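Try each one yourself before reading on to its solution.

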Amino acid sequence: MKPFAYHQPDQIPHAAKLLTSIEDSKLVAGGMTLIPTLKQRLASPPALIDLSRLGNLKGIADDGATITIGAMTPHVVVAASKLVQARIPGLAALASMIGDPAVRIRGTIGGSVANNDPAADYPAGVLGLGATIVTSTREIAADGFFRGLFETALEPGEIITAIRFPVPLKAGYAKFKAPASRYALVGVFVAKFAEGVRVAVTGAGSGVFRVPPMEEALSQNFDPSAIAAIKIDTDGLTSDIHAEADYRAHLVTVMTKRAVDAALS
Amino acid sequence: MGNVIGIGASPKRKEDQRFLTGRGNYVSDIKRPGMTAGVFVRSPHGHAMLRGVDKSAALASPGVIAVLTGEDAAADKLGSLPCGWGISDAKGVPMKEPPFPMLAQGKVRFVGDMVAFVIAETPAQASAAAELLTVDYEVLPSVVGVLEAVRPGAPQLFDDVPNNICCDWELGDKAAVETAFRKAAHVAKLSLVNNRLIGNPMEPRAAIAEYEPGTDRFTLWTTSQFPHVVRLLMGALVLNIPQHKLRVVAPDVGGGFGVKQFHYGEEAVITWAAKRVMRPIKWVASRSEGYVSDRHGRDHVTEAELALDETGKFLAFRVNTLANMGGYLSTFGPNIPTNLYGPLLGGVYTTPAIYCNVKVVFTNTVPVDAYRGAGRPEATFVLERIVDVAAAEMGIDRVEIRRRNMIPKEAYPYQTPVLVQYDSGDPMGCLDGALVAADVKNFGIRKAESARRGKFRGLGYSTYVEACGLAPSRFAGRLGARGGLYESATVRVHPTGQVTVMIGTHNHGQGHETTFAQIVSEKLGVAFDNVDIVFGDTDRVQFGMGTYGSRSLVVGGAALSKATDKVVAKGKKIAAHLLEAAEVDIQFEAGKFSVAGTDRAKTFEEIAGAAYVPHDYPLEVLEPGLEEQAYYDPVNFTYPGGCHIAEVEVDPETGTVTLVNYTAVDDVGTVINPMIVEGQLHGGIVQGVGQALYENAVYDEGSGQLLSGSLMDYCMPRADHMPMMKIATHSTLCTHTPMGVKGCGEVGTIGSPAAIINAVVDALSHLGVTHVDMPATPNRIWRLLQNASLPVAAE
Ligand SMILES: Cc1cc2nc3c(=O)[nH]c(=O)nc-3n(C[C@H](O)[C@H](O)[C@H](O)COP(=O)(O)OP(=O)(O)OC[C@H]3O[C@@H](n4cnc5c(N)ncnc54)[C@H](O)[C@@H]3O)c2cc1C
């Protein structure tokens, strides 16, 4: 790790100002992703701006048709939240499947969404539920937020403050864990709304994506059998030492069935 | 004062007090006055000419003290890292043994090969300077797999090692095997890969070196399983430091599994550098650095054939293996796939003729050496897999074919056709015990229940034997060992009767401080709490070969047992004098020396007191003091073995294999501490599960990059992969070790992979699957099922 300056602002505008004024500075939330990259000297920002003093970024609010989760809310809080468990059980389940207890205690939803790791779990939940990313300057719909491999719509100096999730009729998440990392080798989030079904896949490609043919089939008939025969194309899917693209494609179908099962149970 | 806690008891481990309260003392905990930090610059290429190193920017970087390269080492005329075993081919031609410079000279041969050592005031300064080093590489194509390495036209690692073959080794009677194959009613064939593994001890390797000009002495603190051997190899063969001027300390070490039983270049570089800069230097490997520099294990490609008669009796066994050595010969490297492999191919069976050919091959990968089990898991896997293949092909039950070929209990001692003679064993007894413990009788019910859930359940057996307790020196010497393999122990009885033992083995998780104290407590009648075990410091311990090959209790414990016998013998002389009796009439029991048939007695403490305050003492014929030493060289290996039964469930939809039951009934001879033996079995089995289902070191052919270079990509077994295990012992006593003990440290790793893969194949056999390579990952299983184009299970 190389030396860096450390700031702990208590106002969002102050944090945003530090971020834009100090070139190459970085926000730090739970640090579960950022700190290892600093330790391996893969990144060496001159300053870290810690979001932990911004108290209003933590917590979960029931807004009726939506649920809003503060960006600094750790995974463990979402997983254990009675509110999330009651209103969007699939999301609480997703949070409970992230990493290990230490990671869930430190890691935050804002950090995970901002980082957009292609194998992270939250992007599937955010895209699958069609959530809104609330930032220090604007609101961004999930469909326009994730731009593939660690890329998002966030502008320099923009800070995620919360994620707002519409409450679905039913939703479920199924994750096939990568053997070593236990990130998603393939993770599928399925959400059923009055307007139709959304299916979001993480882990399989370079970023989270939706599967329109499955969404259509499930909108007709919200049952695993509806998509059992739908195979997704291997184009754009990842092949690596853990899984080849055709196996990942196969798992998308299997995990979607299981996510629907989870939503129905 | 506490009580005697002897053989067969399971006291809590003494050492856990300090480990569990955070008071262990590991190399990285140690700070020396004026200590500097060292960082190694390693090759990012698998294979490249090293055209030059420009140190200037690194030297100008803040805090930098020195930058050392292979050229500096050559200028100081330092030796090559030695190989402790020299094997030969069938004609007696010695293996090719190219030099292994501690810092690369002229060429780098694997990603991680050391190019330079940067020393600075702080670790951060050393890392920053290391990034400024300019190394001029001319990149060459890499070859990483053994099949590729021996092909014509493959990249050549060394000019004088044609086809990258270090040695074309063989064992056994080739002609007799060929004759038997001609007569066979059936021949089973199997091609398999034994996957490459990375040991991953919890504590990464680390070292501190210091030179004291006043005494002209060096001290090296290192994460080693055998500090005396490091002193010998490094002092005598690499750095030319006389033994009395070199102290090597291996304090608490956080796991080894073989990874820390080699003399590493880092140790030599840091010791040499400490004198050059006249400051202590510390180096601590990162986990990532460990992946590309800790010696790897296994990595075989094998073709095997088993000849059988019409009743399923094994007539002959033939094995051809290509074994990966990596870029250079590590300390035990060439010994592992040869001497620790071929002689195990007899297994627990009466196979009369065996032939084994092993081509030991250089590749652009980390050097390969011993990893828990070392050679024996590979042998067991080949044999136990092909037995199942033969059984399936001949339509004979897998247990039945084993029974028909097993060495009966009465036939021990049993001479195999591949050098070794088993002294004792009862494989049938272990098998019978395991069948009951695993509830094999009701397996069909469990399988049907799995099927109702759309899962395939399978059962797998491994009836195995291994050779450990390394090693009888004379025998090892004939096979190419360049050192002895005995062990030593000193028992120091203090004037007040407490005991300190100095022993040459090294405790890094095995519980020696407990087990050895139990032996002393039992044999001398001294309270368990009054015995301390000292190890890991060449200034405190006389000598020793260290800990590996399940040798500590078998060889070290035997030395300890002999030394305690000497203490008792001397105590009897002292007691005879004090009790005015003849020495032959003195009995020693439960900590008391007494005159037979009388109530006249002296306690152990009284005798110790008399030995150190010799006022009333036979000084004319007996030296004062009560301290005895013994060296023990075993007459044979010990041959623990047993039967492991694995039960797995396969999800055909995802290809996931889940281990649902595991049973092991092992013959480990006399059990000193049942809890510790069970712990050794647990750990060993889990490492075998790792090999069978999860672990795989993968290199990219061509570039030589390690693709599984971190815990994110190299899958270690975890607690939630494991069912509760059923562990039991069915022991026969070793006939030649003092206490009847056999090794138990590696049996779990040796017996388990075959049991698990046999279970996976069993689960899929109805689909025509006959073999699955390790690790049996979901992707691999799914692909097998795809290739068989099988219907997946019902919803
Ligand atoms: C061992 C381990 C296992 C893991 N397993 C999983 C897993 O199974 N599934 C999974 O999804 N994840 C997993 N993770 C990642 C974990 O969920 C991280 O917590 C998450 O990716 C990042 O969250 P963080 O709060 O730690 O962010 P940090 O590491 O602090 O930051 C990550 C990045 O996001 C930026 N950032 C943080 N907060 C904000 C914000 N509010 N606005 C804008 N930018 C911001 C930072 O600048 C940084 O670039 C694992 C991590 C570890 C160490």
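**Exercise 1. A helix in chain A**

What covers the buried residues of α1(A)?

Before the solution, some ground rules. This is a predicted model, in which local features need pLDDT of at least 70 and side-chain atom pairs count only at pLDDT 80 or more, while totals for chains, interfaces and linings use all residues. Residues are numbered from 1 along each chain as its sequence is written, chains are lettered from A and ligands numbered from 1 in the order in which they are written, and side-chain values use heavy atoms, with hydrogens and water left out.

Step 1. Find the buried residues (under 20% relative accessible area, with exposed meaning over 50% and partly exposed in between; 1.4 Å probe, protein chains only). In helix α1 (residues 12-21) of chain A they are A:Ile12, A:Ala15, A:Ala16, A:Leu18 and A:Leu19. Helices (H or I, at least four residues) and strands (E, at least two) are DSSP runs, numbered from the N terminus.

Step 2. Check how they are arranged. They lie on the same side of α1(A) because they cover an arc of only 160° around the axis, the arc being that of the directions from the helix axis to the C-beta atoms.

Step 3. Look at the face turned away from that buried side: it carries the exposed residues A:Pro13, A:Lys17, A:Thr20 and A:Ser21.

Step 4. Identify the cover by contact (heavy atoms within 4.5 Å). It includes β1 (5-7), β2, β3 (47-50) and β8 (160-166) of chain A.

**Exercise 2. The ligand shell**

How many residues surround the ligand, and which are the closest?

Step 1. Collect each residue with a heavy atom within 4 Å of the ligand. There are 27, and the closest are A:Leu27, A:Ala29, A:Gly31, A:Thr108 and A:Asp121.

Step 2. See which elements contribute: β2 (26-28) and α7 (109-115) of chain A each supply at least two residues of the shell.

- A ligand nitrogen is 2.7 Å from an N or O atom in the side chain of A:Asp121.
- A ligand nitrogen is 2.9 Å from a polar backbone atom of A:Ile160.
- A ligand oxygen is 2.9 Å from a polar backbone atom of A:Thr33.

Step 3. Work out the cover, using Shrake-Rupley accessible areas with a 1.4 Å probe (for residues, only the protein chains shown count as cover). The ligand taken alone exposes 970 Å², and the protein buries 90% of that.

**Exercise 3. A helix in chain B**

Which residues of helix α4 (residues 123-132) of chain B are buried?

Step 1. List them: B:Ala126, B:Ala129 and B:Ala130. Their arc around the axis is only 105°, so they sit on the same side of α4(B).

Step 2. Find what covers them. The cover includes β1 (36-42), α2 (56-60), β3 (64-69) and β5 (114-120) of chain B.

Step 3. Zoom in on B:Ala129, which counts as buried because its relative accessibility is 0%. Leaving aside neighbours within four places in sequence, B:Ala129 is in contact with B:Ala58, B:Ser61, B:Val64 and B:Val118.

**Exercise 4. Backbone geometry**

Is B:Glu580 buried or exposed?

Step 1. Locate B:Glu580 in the loop between α16 (552-578) and β22 (586-589) of chain B. Phi of B:Glu580 is near 50°, a positive value in a residue other than glycine.

Step 2. Read its accessibility: at 73%, B:Glu580 counts as exposed.

Step 3. B:Asp299, in strand β13 (residues 296-308) of chain B, has a positive phi of about 70° and counts as buried at 13% relative accessibility.

Technical notes: Polar contact = N/O pair within 3.5 Å; in protein donor to acceptor, adjacent residues only side chain to side chain.
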